[in-house]
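This report describes the fold, the surface and the side-chain contacts of one protein chain. Please read it with the sequence and the model side by side.

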Amino acid sequence: MLSLRIDRELLDRLRDHAAKRGMSVQDYVIGTLMRDDFDQRFQTAVEETEKFYGVT
């Protein structure tokens with residue numbers, strides 16, 4: 001089980017993207033998370049977050 005807390009603006013954007021693909025928001029988010037390049041994008045996000053917070 002995955003629970004996310006997101007703001008209204010992001011939810012609206014997710015709904016738009018999902019609707020364009022004929023998907024529910026849940027299916028769209030899960031599909032995005034499962035994409036082949038998720039590991040690389042996740043690692044990059046972690047590195048950027050660490051830079052932002054000054055963690056080395």
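## Overall fold

The protein has three helices and zero strands, where helices (H or I, at least four residues) and strands (E, at least two) are DSSP runs numbered from the N terminus. From the N terminus on, the order of the elements is α-α-α. The radius of gyration is 14 Å, well over the 10 Å that the globule rule gives for 56 residues, so the protein is more spread out than a compact globule; this radius is taken over C-alpha atoms, and the globule rule is 2.2 Å times the number of residues to the power 0.38. Along the principal axes, the C-alpha atoms fill a box of roughly 40 × 25 × 25 Å.

This is a predicted model, in which local features need pLDDT of at least 70 and side-chain atom pairs count only at pLDDT 80 or more, while totals for chains, interfaces and linings use all residues. Residues are numbered from 1 along each chain as its sequence is written, and side-chain values use heavy atoms, with hydrogens and water left out.

## Surface and burial

The accessible surface of the protein comes to about 5,300 Å², and 54% of it belongs to carbon and sulfur atoms; accessible areas come from the Shrake-Rupley method with a 1.4 Å probe, and for residues only the protein chains shown count as cover. Buried residues make up 9% of the 56 residues, where buried means under 20% relative accessible area, exposed over 50%, and partly exposed in between (1.4 Å probe, protein chains only).

On the surface, L2, L4, I6, L10, I30, L33 and M34 form a nonpolar patch with about 650 Å² of accessible area together. Patches are made of residues with over 30% relative accessible area and no salt bridge, with like charges joined within 9 Å and nonpolar side chains (Val, Leu, Ile, Met, Phe, Trp, Tyr) within 5 Å. Helix α2 (residues 25-34) contributes the largest share of this patch, namely three residues. L2, one of the patch members, is placed in the segment before α1 (8-20) and counts as exposed because its relative accessible area is 59%.

## Helix α1

Within helix α1, D12 forms a salt bridge with R15, the closest N and O atoms being 3.7 Å apart; a salt bridge is a side-chain nitrogen of Lys or Arg within 4 Å of a carboxyl oxygen of Asp or Glu. The two residues are three apart, about one turn of the helix. An α-helix has 3.6 residues a turn, so residues three or four places apart point the same way. D12 is partly exposed, with a relative accessible area of 35%, and R15 is also partly exposed, at 41%.

H17 lies in helix α1 as well, and its relative accessible area of 32% makes H17 partly exposed. Between H17 and F38, which are 21 residues apart along the chain, the C-alpha separation is 18 Å.

## Helix α3

Helix α3 covers residues 38-53, and at 1.5 Å a residue its 16 residues should span 22 Å, which agrees with the 22 Å between its end C-alpha atoms; the expected span is 1.5 Å times one less than the number of residues. The residue that follows α3 is G54, whose phi is positive, near 75°.

The structure holds two salt bridges, and one of them joins the side chains of K51 and E48 (3.4 Å, N to O). K51 and E48 are separated by about one helical turn because they are three residues apart in helix α3. K51 counts as exposed at 62% relative accessibility, whereas E48 counts as partly exposed at 44%.

F52 is exposed, with a relative accessible area of 65%, and Y53, found in helix α3, counts as exposed at 61%. The C-alpha atoms of Y53 and L2, 51 residues apart along the chain, are separated by 25 Å.
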